[in-house]
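Here is a guided walk through one protein model. Take a look at the sequence and the structure first, then read on.

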Amino acid sequence: MSNNLKKIGCNKSVLASIDSGILEQFDLARVVAVHKESYTINNGEIDVLAELVGKLIFNASSPADYPAVGDWVLVNFYDEKTFAIIHEIVSRKSLLKRKTPGKKVEFQLIAANIDVAFIVQSLNENFNLRRLERYLVVVNESNIQPIVLLSKSDLLAPEDITNRINDIQKVMPDLQVIPFSNENESGLDSVRKNMQPGLTYCLLGSSGVGKTTLINNLIGKSIYRTEAVSKKESKGRHVTTHRQLTQLDCGAMVVDTPGMRELGFFSVDTGIEETFSEIMALAEKCRYNDCTHIKEKGCAVLDAVDKGLLSQDRYHNYMKMSKESTYNEMSYLEKRKKDKQFGKHCKTVMNYRKNLR
Ligand SMILES: Nc1nc2c(ncn2[C@@H]2O[C@H](COP(=O)(O)OP(=O)(O)OP(=O)(O)O)[C@@H](O)[C@H]2O)c(=O)[nH]1
Ligand SMILES: [Zn+2]
């Protein structure tokens, strides 16, 4: 493997998922930006505009069959490496996706092959355990390692900061939590120490918590978000977009795409089990295998809530998210049916009440 590829995150496990011999036919490159009909790829040396080979488009049956930022792709270069054709997507180590807003039950790829997600909340107004759990579910489900960053530590007294960290670690003792401040730079070194060359990171969190300021601090100069890629698509149109995968001086890479900015429609599924692992453990002790933990006799989860061993808030958030998860998995038709049934149910209840009056 060339050093240049290693620099942009290529490692043994990437190579292990490529059939031997295929690299005699193709070059390996990484997708650093996704445009409407084309991609910017990088081979560790230069950015090159690339398009998909017809076969890839023809065989695609879901959004997951198209490249995402961070993907490793097998390509052929043309015209003195000014243009490339993407032939294959190398199987992914992790994939971050979200539900598309609107009626169709579809999803959108946000980024591939992210190693670590920094989940950023500000210690002052944005701090919220329930929101943190939502992010954790998505990150765990996507096979990405989470690290929690608590920003704006300059605005709180040290004991308040400790209390908030304790609040998190009471329910999730294994989670790494780092408080920091962009303002007085405390904690920035801890963040830096957690960024390794060759690994790919992303920052998730609400608007205004300090993600952009943090990246600029990590880079050391305020160039982030100003670096634009301007390329010509094959149809002659110019596309100008911001780089979506950037390398920091320390050698770590950061993915930042518009879709990453808000959690909104992220899909929620298996990550629930990891995030609420203590509830999963309790559920195994419920009397009934199919216990819904709502009102059953012998429900170990409800029992724990009663005894104060499991907080009401955490229980409610778990219930809410597992409901959303089941709802998300339903097809559009099933959802309509369910919504209709619910509508009917409401009507029946309303009529019943009217008749009582
Ligand atoms: N006091 C304090 N203010 C901060 C800190 N970090 C960021 N800010 C301020 O918070 C505001 C938002 O910071 P951004 O870095 O733009 O936040 P963001 O998360 O990138 O927001 P979006 O770009 O909307 O996603 C700015 O006015 C920053 O100056 C911090 O550690 N302490
Ligand atoms: Zn139960």
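**Around the ligand**

The shell around ligand 1 holds two nonpolar, nine polar and five charged residues. Here Ala, Val, Leu, Ile, Met, Phe, Trp, Tyr, Cys and Pro count as nonpolar, Asp, Glu, Lys and Arg as charged, and the others, Gly among them, as polar. In total, 16 residues surround ligand 1. The closest are S207, G210, K211, T212 and T213. A residue is near the ligand if its C-beta atom, placed from the backbone, lies within 6 Å of it.

This is a predicted model: local features need pLDDT of at least 70, side-chain atom pairs count only at pLDDT 80 or more, and totals for chains, interfaces and linings use all residues. Residues are numbered from 1 along each chain as its sequence is written, while chains are lettered from A and ligands numbered from 1 in the order in which they are written.

Which helix gives the most to the shell around ligand 1? Helix 8 (residues 211-219) does, with three residues. Helices (H or I, at least four residues) and strands (E, at least two) are DSSP runs, numbered from the N terminus. In helix 8, K211, L214 and I215 are buried. Seen down the helix axis, the buried residues of helix 8 fall within an arc of 100 degrees, so they line one face. That arc is taken over the directions from the axis to the C-beta atoms. A residue is buried if 20 or more other C-beta atoms lie within 10 Å of its own, exposed if 12 or fewer, and partly exposed in between. The buried residues of helix 8 pack against strand 8 (116-122), strand 11 (200-204) and strand 15 (253-255).

Now turn to the whole protein. It has 13 helices and 15 strands. Of its 357 residues, 33% count as buried. The largest nonpolar core has 69 residues. Such a core is a set of buried Ala, Val, Leu, Ile, Met, Phe, Trp, Tyr and Cys residues joined through C-beta atoms within 7 Å. I41, V69, V73, A111, I119 and C202 touch the most other members.

Helix 5 (residues 129-141) comes next. Ten of its 13 residues are buried, among them L132, Y135 and V138. After helix 5 comes N143, whose phi is positive, near 70 degrees.

Methods. Contact = placed C-beta atoms within 7 Å.
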